[in-house]
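Work through the exercises below with the sequence and the 3D structure at hand. Try each task before reading its solution.

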Amino acid sequence: MSVFRRNKSRRTKQGKNKSISVPKQNSTWPKILGVSAVILLPYAYLLMKIDGEFKRSILMNGAFSFVGFCITLSMIPVASRYLIRRNLFGFDLNKKGTPQGNIKVPESLGIVVGIVFLIVVIVFLGVSMLLPHLNFIANSTRLVQYNSALTSIGFMILLGFVDDVLDVPWRVKLVLPLVAALPLLMAYNGHTAIVIPKPLIPYVGLEMLDLGWMYKLYMCLLAVFCTNAINIHAGINGLEVGQTVVIAFAILIHNIMRIGASTDNAEYQQAHLFSIHLVQPLFATSLALLSYNWYPSSVFVGDTYTYFAGMTIAVVGILGHYSEILLLFFAPQVVNFIVSLPQLAGIIPCPRHRLPRFDPNTRLLMGTHDGTLVNCCLRWLGSMSEPSLCIVLLSLQCMTCPSPQAIACSFSFLVWWLLVGWYK
Ligand code: UD1
Ligand code: MG
């Protein structure tokens, strides 16, 4: 049993002589729900514009997702008590030296989100099968896709929880998502060709280049990247869940726009509908988790959540047939990965936690020389408080996601728009 008795901070020799107190759950959820309702307005507007059958299916999935939101909200305090009892907790390293830094914060609450997500999707699929006019999985190819998606996501939830409990070595963490992605690749029946940019066509002599197995390898690597990218762009309250919520929202907008714009291609619409069926529950359950994980966090999400969220996003990108665009949504994570490379590759020593330095007197965070986007932001913009830093990083994420909110100031929307007009 002792193998389950763990505490990540204690391993870093920072958890000695800490007082024990179960954290109070914060009550930011009405605010989060209110803000999301406003944010979701453009999505609701676009939804009203699309075809009847698709709209009904999305609305039904939305209703299931809302139930998932409520269940997650009520289950997190219950699961927190069980996790603390099993010694699955951590200390908030960005509050070290203050009374808040001595509180045991339950870890791995991603397990609640993951399980509720799976239940919502499975029950939704079951109910859809019973309703003939909404039975979009009557086609066996689609059923295989839903099942393979659930297999890959379920496998990552398991791996994430095992990592939270046992602390899996990095090389294993890198290999297992490859295995988890295999069911996806077997179910993938989309294109394996890339469009050659128009200016290069005269030199290449082709408009499309079929990459065959190399395209599948790229999708495998994408799954590995997505699962690890969210996990290493982390460490400040609300960042892991916040980035997932922003990316999920951008994906929802992208999907609904593509469904509306592809009325002549039913297969393409179905692929985006599939994506919405998984992203809505991810968005809803993650919002519930965010209300507890927002500053000051009363729960930590653990690798269970980061792996689950990363794999779910990879799954919808791959089986929704927009894996290239997905990388645009991940722009901050790509930058974070690039600046992290020297430490990940072992060229520069990599400490267990690559977090900013916290000054308990000013309660501000200062950038360190560890290669993360969090530290780069602090070095460029100067010291700031933890919630301000999280808002800056999430704003950056919004700017790189082509959602209506970000259109006015979005660099990547511009890139995306240019690519659609010029490249494709
Ligand atoms: C990854 C990062 C590591 C970062 C950690 C924070 C790499 C290679 N690894 O490691 O640098 O420090 O995530 O999640 O980039 N914590 C906080 N405040 C938070 C969230 C987490 O203090 O808002 C601390 C807690 O002590 C918590 C621990 O981080 O117990 C969780 O760390 P874990 O997710 O296990 O770290 P890794 O994913 O291995
Ligand atoms: Mg982690």
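**Exercise 1.** Leaving aside its neighbours within four places in sequence, which residues is Thr368 in contact with?

*Solution.* Step 1: contact means heavy atoms within 4.5 Å. Step 2: with neighbours up to four places away left out, Thr368 is in contact with Leu355, Pro356, Arg357, Asn375 and Arg379. Step 3: Thr368 lies in the loop between β7 (364-366) and α15 (373-381); helices (H or I, at least four residues) and strands (E, at least two) are DSSP runs, numbered from the N terminus. Step 4: the relative accessible area of Thr368 is 14%, so Thr368 is buried (buried means under 20% relative accessible area, exposed over 50%, partly exposed in between, with a 1.4 Å probe and protein chains only).

Before going on, note that this is a predicted model, in which local features need pLDDT of at least 70, side-chain atom pairs count only at pLDDT 80 or more, and totals for chains, interfaces and linings use all residues. Residues are numbered from 1 along each chain as its sequence is written, chains are lettered from A and ligands numbered from 1 in the order in which they are written, and side-chain values use heavy atoms, with hydrogens and water left out.

**Exercise 2.** Describe how helix α7 (residues 170-187) packs against α12.

*Solution.* Step 1: the two axes come within 11 Å and cross at roughly 30 degrees. Axes are lines fitted to C-alpha atoms, for helices over the stretch in contact, and angles run from 0 to 180 degrees between N-to-C directions. Step 2: because of this angle, α7 is roughly parallel to α12 (under 35 degrees counts as roughly parallel, over 145 as roughly antiparallel, 65 to 115 as roughly perpendicular and the rest as oblique). Step 3: the crossing of α7 and α12 is right-handed; a crossing is right-handed if the near helix is turned clockwise from the far one by less than a right angle, and left-handed if anticlockwise. Step 4: α7 contributes Lys173, Pro177, Ala180, Ala181, Leu184 and Ala187, while α12 contributes Asp303, Tyr307, Met311, Val315, Ile318 and Leu319. Step 5: by class, these are ten nonpolar, no polar and two charged residues (Ala, Val, Leu, Ile, Met, Phe, Trp, Tyr, Cys and Pro count as nonpolar, Asp, Glu, Lys and Arg as charged, and the others, Gly among them, as polar).

**Exercise 3.** Is Gly317 buried or exposed, and which residues does Gly317 touch?

*Solution.* Step 1: Gly317 is in helix α12. Step 2: the relative accessibility of Gly317 is 0%, so this residue counts as buried. Step 3: not counting residues up to four places away in sequence, Gly317 touches Tyr322, Ser323 and Leu326.

**Exercise 4.** Work out the packing of helix α5 (residues 110-130) against helix α11 (residues 266-293).

*Solution.* Step 1: their axes come within 10 Å and cross at roughly 145 degrees. Step 2: the crossing of α5 and α11 is right-handed. Step 3: the α5 residues in the contact include Val113, Phe117 and Phe124, and those of α11 include His277, Pro281 and Leu289. Step 4: the contact of α5 with α11 has ten nonpolar, three polar and no charged residues.
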